[in-house]
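Morning, everyone. Today I want to talk about aromatic rings. Please look at the model on the screen.

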Amino acid sequence: MQAAQVADDSGRTTDAVLLYHLAEEYDNVTVILNRALSEALAVDLGQEHMRLEPLKPRENEQTKQGNQQQQSQQPQGSLSLTSVDDPVVLAQNMIGLYNSNAMYYKKIRSANRDACGVLLQMSKAKSRAESGKWPEAID
């Protein structure tokens with residue numbers, strides 16, 4: 001919990017999301033996702049999208065040893081749902097997981113779930129508006 005709070009305070013969104021998730025603080029994850037989505041939506045149309053610092057995969061022993069053959073390939077390791085740099089994709093990944101399991105779902109306040117759903121809908125509308133699909137954006 002303390003590490004998650006420190007990560008959140010220092011702006012490391014993906015770290016905070018993963019740490020709160022591991023601590024089974026799913027409502028806190030949703031609050032952080034809502035904040036990240038809000039910040040991403042606040043970027044003006046046509047401006048560069050907000051990016052998060054994604055978690056890095058763990059390297060295997062062959063990659064650590066600097067094996068020439070392995071250097072030309074991507075490192076083998078474990079990636080998680082939080083290994084993305086787009087706040088919308090991060091929110092979709094986590095909310096998709098939480099909506100698929102009642103264990104997660106019931107530990108998230110309905111106001112936070114609803115807010116996340118609305119923010120994701122707004123993100124879709126913004127994306128369509130940026131693409132010039134105005135009727136779809138309005139719908």
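**Aromatic rings in the model**

Start with Tyr 26, which is buried, at a relative accessible area of 3%. Keep in mind that this is a predicted model.

How many aromatic pairs are there? The count comes to three aromatic pairs. Take Tyr 26 and Tyr 104. Their ring centres are 4.8 Å apart and their planes meet at 80 degrees, so this pair is edge-to-face. The cut-off for that label is over 60 degrees.

Now the sequence positions. Tyr 26 belongs to helix α3, residues 26-41. Tyr 104 belongs to helix α7, residues 102-105. The pair therefore ties together parts that are 78 residues apart in sequence.

Is Tyr 104 buried or exposed? Tyr 104 is buried, with a relative accessible area of 13%. The limit for buried is under 20%.

Next, Tyr 98. Tyr 98 pairs with Tyr 104 as well, and here the geometry is tilted. The centres are 5.2 Å apart, with 45 degrees between the planes. Tyr 98 has 1% relative accessibility, so Tyr 98 also counts as buried.

Ring pairs link Tyr 26, Tyr 98 and Tyr 104 into a cluster.

One last item, a charge and a ring. What lies over the face of Tyr 105? That is Arg 113, at 3.9 Å from the ring centre.

That's it from me. Over to you.

Conventions:
Residues are numbered from 1 along each chain as its sequence is written. This is a predicted model: local features need pLDDT of at least 70, side-chain atom pairs count only at pLDDT 80 or more; totals for chains, interfaces and linings use all residues. Side-chain values use heavy atoms; hydrogens and water are left out. Rings of Phe, Tyr and Trp (its six-membered ring) pair if their centres lie within 6.5 Å; planes under 30 degrees apart count as stacked, over 60 as edge-to-face and the rest as tilted. Helices (H or I, at least four residues) and strands (E, at least two) are DSSP runs, numbered from the N terminus. Buried means under 20% relative accessible area, exposed over 50%, partly exposed in between (1.4 Å probe, protein chains only). A charge sits over a ring if NZ of Lys or CZ of Arg is within 6 Å of the ring centre and within 35 degrees of the ring normal.
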